[in-house]
Amino acid sequence: MRIGILTGGGDAPGLNGIIESASRVLLQKGVEVVGIRDGFEGIFENKTIPLTLELVQNAHAESGTLLGSSNRCGTAGREKEFAEKFRALKLDGLIACGGDGTFAGLAKIVEGINLIGVPKTIDNDLAGTEATFGFDTACACVAENVDALRFTAAAHSRIMVVETMGRTAGWIALGGGLASYADVILIPERPFSRAKLLEFVRRKKTSGQRELMIVVSEGATAEGEDPKVMFEVAGSPQKERYGGVAMAVSRWLEKECDWESRHVVLGHLQRARQPTTTDRFLTSFMGVQAAEAALEKAWGQAIVYREGRITRAPITDLMQPARLVAPDHRWVKQAQTLGLFI
Ligand code: F6P
């Protein structure tokens, strides 16, 4: 048997854990494991490497992906070429580890390909699974940085606005903001009222609080406004790159509330850390299940997390619209109960 492993889209801490755990299982069964380099590019350009035990063992502790990835190479309009090039690799099946871009790209060609899907994104917004690996590590990065920045904010009696990733989903800001008890959490799913936010911040200032911590998701907006797009990436399945909201909120609050303010964009640090234990468990169990599904030739399945367990579901479940934070999600209620602004 010859099985390929591909990592597509933006990297997420834990990708190497999937590569290691799936390869360990397959190699023990005498399967030839082929790593596809740089996501879909590796298929189009025939870039592969043999995955050996020496190469994969202990990769789990590193962020990034030893195979490389790309979020600039879609399949749109090249479906036939993709299917032909994939066939030329003579693989019995492919374990594809990706996010919405990867699975949207595969949705149109899934018919001709023996595929096992593994959902991945720090944004935690993939449909069909209740959690994606990389998310917990991203939240840990946010929480630890908010907690650290609180000291310098308090020293200078400042507002500190921390911008997180997440695109159209507010999971990272919400998870990281809750874990660090940020005073204000702004997410795209709940456009904020400028008037109510000003009232909240002024009240905090009047109460004598020295510092104010705000976590804002890169896609968050005030009511009736559009998200801030910094630039576009040609060829990317999702072209827009968001950014700039923290600076805008920071400058606006300083002026309106007469409270000095600074902003920090955490950016790719959220994808750069060693995976947390939670993410290591997710990837270890998901990788093993993906390999077992491939050995059983259970093609067309995704390895997902539901109701506290790793289980299988039709891969098409991952190809549905993004899973956003419900405006009345229990984490939103938790923030409200704690007296945070959300
Ligand atoms: O989808 C994952 C993600 O990290 C988003 O949160 C972020 O907006 C985007 O990717 C950044 O992409 P790039 O790596 O192309 O800058």
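Q: Why is Lys205 called partly exposed?
A: Its relative accessible area is 35%. Buried means under 20%, exposed means over 50%, and partly exposed is what lies in between (1.4 Å probe, protein chains only). The 35% of Lys205 falls in between, so Lys205 is partly exposed.

Q: What kind of model is this, and how are residues counted?
A: This is a predicted model, in which local features need pLDDT of at least 70 and side-chain atom pairs count only at pLDDT 80 or more, while totals for chains, interfaces and linings use all residues. Residues are numbered from 1 along each chain as its sequence is written, and side-chain values use heavy atoms, with hydrogens and water left out.

Q: Where does Lys205 sit, and how far is its C-alpha atom from that of Tyr242?
A: Lys205 is in helix 8. Helices are DSSP runs of H or I with at least four residues, strands are runs of E with at least two, and both are numbered from the N terminus. Lys205 and Tyr242 are 37 residues apart along the chain. Their C-alpha atoms are separated by 30 Å.

Q: What makes Arg158 and Glu260 a salt bridge?
A: A salt bridge is a side-chain nitrogen of Lys or Arg within 4 Å of a carboxyl oxygen of Asp or Glu. Here the N to O distance is 3.1 Å. That is within 4 Å, so the pair counts. The pair links distant parts of the chain, 102 residues apart. Arg158 is in the loop between helix 6 (135–156) and strand 6 (159–164). Glu260 is in the loop between helix 9 (245–257) and strand 11 (261–265).

Q: Buried or partly exposed: what are Arg158 and Glu260 called, and why?
A: Arg158 has a relative accessible area of 13%, under the limit for buried, so Arg158 is buried. Glu260 has 34%, so Glu260 counts as partly exposed.

Q: How do you know that Arg194 and Glu225 form a salt bridge?
A: Their closest N and O atoms are 2.8 Å apart. This pair ties together parts that are 31 residues apart in sequence, because Arg194 lies in helix 8 (residues 194–206) and Glu225 in the loop between strand 8 (212–217) and strand 9 (229–232). Arg194 is partly exposed at 33%. Glu225 is partly exposed at 37%.

Q: What makes Arg306 and Asp317 a salt bridge, and which parts do they link?
A: The closest N and O atoms are 2.8 Å apart. The two residues are 11 apart and link distant parts of the chain. Arg306 is in strand 12 (residues 301–306). Asp317 is in the loop between strand 13 (309–314) and helix 11 (330–337). Arg306 is partly exposed at 29%, and Asp317 is partly exposed at 24%.

Q: What makes Asp38, Glu41, Glu45 and Lys47 one network?
A: Salt bridges that share partners join them.

Q: How many salt bridges does the whole structure hold?
A: A search of the whole structure finds 19. Side chains of opposite charge can pair when their charged atoms come close.

Q: Which residues surround the ligand?
A: Among them are Asn71, Asp123, Gly166, Glu218, His268 and Arg271. Near means that a heavy atom of the residue lies within 4 Å.

Q: How much of the ligand does the protein bury?
A: Taken alone, the ligand exposes 400 Å², and the protein buries 83% of that.

Terms used
Accessible areas come from the Shrake-Rupley method with a 1.4 Å probe; for residues, only the protein chains shown count as cover.
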